Amino acid sequence: MRKVHKDASDALAGLLRDGMTIMSGGFGLCGVPSLLIDAIRDSGVKDLTVISNNAGIDGVGLGILLETRQIRKMISSYVGENATFAKQYLAGELEIEFNPQGTLAERIRSGGAGIPAFYTKTGVGTQIAEGKPTAEFDGETYVMERTLFADLAIIHAWMGDHEGNLRYRKTARNFNPMMATAARMTVAQVEHLVRPGEIDADDIHTPGVFVKRLVLCPADYEKRIESRTVRKHPAAAAGPSHLPR
């Protein structure tokens, strides 16, 4: 089965439809599958439910799908950096299902593991728990959360091989690995494409059995920074450059 496709539009061909549920990896703008998001925009598909930790920022990441009003509902943890999101939500044009970040992660992980629901103490006694079943375990109250499973997962990986095995790097190893397991179809964009066997077995984070299609990022692919924070390091103290034994 040929998994590598010539571009993002080709990788998503035949998969998109109005009203579908899509998981989109990333944390802030780190590990966001921007090529695949651009291809979804260009397809014109609409009324989407998108599961993602956040909604990108204006004009970047999922923000571009908000600007084109292709998203009907967001299932997220944090959306505070997107003014377009706030405007649409306050105008009643966008539905949001908020989740504590750990709960969102577990809803996705459990979906990939085939677990239909689980109990957690997080959110008990708050609006998060309203309308949800609760139960007592060892004298403590827990709220039941349903797991998440999507029609399509779009993810970003640092390296992939032709069989779909993936390796993530640093902060980009966030929601991407668990989302890769929690959808009927997973499409990945990778920064480096290698031959099978060139990723050491111990370094494979997502086995290729979960990934059906791949696209290679172009050489000039830009990894955006959401908020750059820098500080000056204090000058090194004078003295010998070597440490005492």
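I sorted the residues lining the largest pocket by type and got 11 nonpolar, 7 polar and 8 charged. For this sorting, Ala, Val, Leu, Ile, Met, Phe, Trp, Tyr, Cys and Pro count as nonpolar, Asp, Glu, Lys and Arg as charged, and the others, Gly among them, as polar. The model is a predicted one: local features need pLDDT of at least 70, side-chain atom pairs count only at pLDDT 80 or more, and totals for chains, interfaces and linings use all residues. Residues are numbered from 1 along each chain as its sequence is written, and side-chain values use heavy atoms, with hydrogens and water left out.

I then looked up the volume, which is about 520 Å³ for the largest pocket. Of its 26 lining residues, Leu29, Cys30, Gly31, Lys223 and Arg224 are the closest to the centre. A pocket here is an open set of points on a 1 Å grid over the protein atoms alone, where a 1.4 Å probe fits, with protein on both sides within 12 Å along at least five of seven lines; lining residues have an atom within 4 Å of a point. Grid points are joined across faces, edges and corners, and the volume is the space filled by probe spheres set on the points. Both α2 (34-43) and β9 (150-161) supply at least two lining residues, and α2 gives the most, with 3 residues.

**Cysteines.** I counted disulfides, taken as pairs of cysteine sulfur atoms within 2.5 Å, and found 0. Cys30 has 28% relative accessibility, so it counts as partly exposed. Cys217 is at 6% and therefore counts as buried.

**Whole chain.** I noted 6 helices and 12 strands in the protein chain; these are DSSP runs numbered from the N terminus, helices being H or I of at least four residues and strands E of at least two. The C-alpha trace spans about 65 × 50 × 40 Å along its principal axes. Buried residues make up 46% of the 245 residues.

**Helix α5.** Buried residues in α5 are Thr103, Leu104, Ala105, Arg107, Ile108, Ser110 and Gly111. Just after α5, I found Gly114 with a positive phi of about 80°.

Strands count as paired if DSSP finds at least two bridges between them. β6 runs antiparallel to β8 (residues 140-146), with 4 bridges joining them. Within β8, Glu145 is the bridge partner of Phe118, and Val143 stands opposite Thr120.

I also looked at β7 (residues 134-137), which pairs with β8 in the antiparallel sense over 4 bridges. Phe137 stands opposite Glu140 in β8. The hairpin of β7 and β8 has 2 residues between the strands, and Asp138 there takes a positive phi near 55°.

Terms used. Buried < 20%, exposed > 50% of the residue type's maximum accessible area, 1.4 Å probe, protein only.
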